[in-house]
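Q: I would like to learn how to read the spaces and helices of a protein model. Where do we begin?

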Amino acid sequence: MSEIKQTFNSSLGKKLIMALTGLFLCTFIIVHLGGNLLLFSNDNGFGFNVYANFLTHFAPIEVIAYILYLSIAVHALYALIITVKNRKSRPVGYAIQPKSDATWSSKNMGLLGSILFLFIVIHMGDFWFKYKYTNDVAFKEYRTDLATGKTTESVYTPVSEDFSHSVSVENNVEIVRVKDLHARVVTSFSSLWYVILYVIAMGALSFHLLHGFQSAFRTLGWVHRKYTPIVYAIGTWFFAVIIPLGFAAMPVYYYFVVKG
């Protein structure tokens, strides 16, 4: 047990924890983007609201969610510890900076991570916290005619404070009553400052993943002449380009198209 503790307290151990939590968070953002793409569906928020309800009421997903929160905290904490330790090991800067092959993103991971952590706190407070623990999110009712597939929507007022969601079928009509998180999205993305913050955060995410994804594989020792170029390509084009652009497109779309 002491050997395991010693290993994870070492510099290599801290980097291993950073790598593992980082790759777990990479997996999460893929799933998160996939669900959020429902915001582009022209269904008055039906798909997105059902998706949000599923995430917050399906027990296995909730367990994974708390693992996610822990991973974010651990990743941020160990990043801070490593950064502080590196600075203490070289308290006096070089008079002449030596040439380095390090990229801009690798030299500014602390700054990028700080921007992302601030964004996550604001983002979760605006959506997750209000959705789960406040009455700021209203309810919506969706009625789908199972014969025609046509869906209509209306505001729903719960009959009790304990109500969270319901699905029923009456006279061949499916009735879904859920919290209207989609309305919260529309409200948040109608604020220019929030849209700008979101886009800046996604820029930080891009550079953070550009270095972090590839670095995690090197830390874990998963380096191979044949497969490393594939890892680099995935880290560059998928995680550093496609993923951030997918997220950034949402607030821009809602501000300029939905709001307009």
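Q: How many nonpolar, polar and charged residues are there in the lining of the second largest pocket?
A: This is a predicted model. Sorted by class, that lining holds five nonpolar, six polar and four charged residues.

Q: What is the volume of the second largest pocket, and which lining residues are closest to its centre?
A: The volume is about 310 Å³. Of the 15 lining residues, Asn135, Phe139, Glu161, Phe163 and Lys179 are the closest to the centre. Two helices, α3 (46-57) and α6 (109-133), each supply at least two residues of the lining.

Q: How many cavities of 30 Å³ or more are there?
A: The count is one. The largest cavity has about 40 Å³ of space.

Q: Which residues line the largest cavity?
A: Its lining is made by Gln214, Phe217, Arg218, Trp222, Val223, Thr228, Val231 and Tyr232. The elements that give two or more residues to this lining are α8 (192-219) and α9 (228-258). By class, the lining of the largest cavity has five nonpolar residues, two polar and one charged.

Q: Why do residues three or four places apart in an α-helix point the same way?
A: An α-helix has 3.6 residues a turn, so residues at that spacing point the same way.

Q: What span should α8 have at 1.5 Å a residue?
A: With 28 residues, α8 should span 40 Å, and this agrees with the 39 Å between its end C-alpha atoms.

Q: Where is the kink in α8 centred?
A: The kink is centred on leucine 209 and is about 30°. After α8 comes glycine 221, which has a positive phi near 80°.

Definitions and conventions: Residues are numbered from 1 along each chain as its sequence is written. This is a predicted model: local features need pLDDT of at least 70, side-chain atom pairs count only at pLDDT 80 or more; totals for chains, interfaces and linings use all residues. Side-chain values use heavy atoms; hydrogens and water are left out. On a 1 Å grid over the protein atoms alone, a cavity is a set of points where a 1.4 Å probe fits but cannot get out, and a pocket is an open set with protein on both sides within 12 Å along at least five of seven lines; lining residues have an atom within 4 Å of a point. Grid points are joined across faces, edges and corners, and a volume is the space filled by probe spheres set on the points. Helices (H or I, at least four residues) and strands (E, at least two) are DSSP runs, numbered from the N terminus. Ala, Val, Leu, Ile, Met, Phe, Trp, Tyr, Cys and Pro count as nonpolar, Asp, Glu, Lys and Arg as charged, and the others, Gly among them, as polar. The expected span of a helix is 1.5 Å times one less than its number of residues. The bend at a residue is the angle between axes fitted to the seven residues ending there and the seven starting there.
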